[in-house]
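Dear colleague,

I am passing on the structure that you will find just below, and after it I have written out what I found when I went through it.

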Amino acid sequence: MEVCDLKTLTFILAACCLQAAHAQTAAAPTGAKIEPGLWEINIALKSQSGKAEAAMKQARAQISMLPPEQRKAVEEMMAAQGVRLGDGTSSVKACISKEDAERGEIPQQAGDCAQQVLERNGNSMKVKFSCSTSPPASGEAVVNFQSTTAYTSQAVVDTVVVGQPERVNVDQTGRWLGAECGSVKALGR
C-alpha cells in the first residue's frame, strides 16, 4: 500500500467526523452550543465492496512492517493529526476553539466542503455535504444529540477508495474529553 492510500483513508476518517461535528454545532435546535475543547470521534466504516475495510487492515499491516524509525514517523504523524486506526473502530481527535463553539461553528479542516441542513427534528438533524477534496466526498448524515458533550451520527458517504468509487456507511460517536486540547490544534488553524 502506498502512503497516499494511507492519507486517503486518514482523510476519509477526518472528513466524515468533521462533517458530523460541524453538523452538530449547526443543529443546536434548543439554542445549546457544544463544549469547546478536545473531542474524540469514534468511527466505524462499512463499505459496499469491503475495500475500505480491507484498505484499513492493509494500512495497519503495512505500518507494523515498516522499519522502526519509519513506523515511528508514520505513527507520530497520525497521532499529531489525532488519528488512530483500529480493527473495527478508528478515532480522530479534534480541538474546537471557544470562539468557534460560541458561534456554533466548526471550521473545515481540509479542503472545500459545503453543507446543507435538510431537516431538524427535536434533538436530531439531517444534513447533506459535499467536499471537493482529493479524494472527493459527498453524502448525507443523521446526527442525534445526547447533550452538549455527546452525539451519535450515521452517514452514507460517496468517495473514492484505492482509486475506485465507493459508498461507505459511517457510524460515529462523539464525546467531549475536556477543555484543554493539549497538542491537538484547533480546527481550521
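Ala-150 in strand S7 (residues 150-161) stands opposite Arg-175 in S8, and these two strands run antiparallel, joined by 12 bridges. Strands here are DSSP runs of E of at least two residues, helices are runs of H or I of at least four residues, and both are numbered from the N terminus; two strands are taken to pair if DSSP finds at least two bridges between them. The hairpin of S7 and S8 has 2 residues between the strands, and Val-162 takes a positive phi near 50° there.

Before going further, please note that this is a predicted model, in which local features need pLDDT of at least 70 and side-chain atom pairs count only at pLDDT 80 or more, while totals for chains, interfaces and linings use all residues. Residues are numbered from 1 along each chain as its sequence is written, and side-chain values use heavy atoms, with hydrogens and water left out.

S7 also pairs with strand S6 (residues 137-147), again in the antiparallel sense, over 9 bridges, and a hairpin joins S6 to S7 through 2 residues. Within this pairing, Gly-139 stands opposite Val-157 in S7. In a regular strand the side chains alternate between the two faces of the sheet. In S7 the covered face consists of Tyr-151, Ser-153, Ala-155, Val-157, Thr-159 and Val-161, whereas Ala-150, Thr-152, Gln-154, Val-156, Asp-158 and Val-160 make up the uncovered one.

The structure holds 1 disulfide (a pair of cysteine sulfur atoms within 2.5 Å), and it joins Cys-95 to Cys-181 at an S to S distance of 2.0 Å. The pair links distant parts of the chain, since Cys-95 lies in strand S3 (residues 90-96) and Cys-181 in the segment after strand S8 (164-178), 86 residues apart. The torsion about the S-S bond is about 80°, so the disulfide is right-handed.

For the chain as a whole, the secondary structure comes to 4 helices and 8 strands, which follow the pattern α-β-α-α-β-β-α-β-β-β-β-β along the sequence. Of its 189 residues, 43% count as buried. Among contacts (heavy atoms within 4.5 Å) between residues at least 6 apart in sequence, 63% join residues at least 24 apart.

As for confidence, the mean pLDDT (the predictor's confidence in each residue, from 0 to 100) is 75 for the chain, and 76% of its residues reach 70 or more. Confidence is lowest in helix H1 (residues 3-27), at a mean of 46, and highest in S8, at 90. The pLDDT is below 50 over residues 14-32, a stretch that has 52 contacts in the model beyond near neighbours in sequence. Where pLDDT is low, the predicted coordinates should not be read in detail.

With best wishes

Terms used. Buried < 20%, exposed > 50% of the residue type's maximum accessible area, 1.4 Å probe, protein only.
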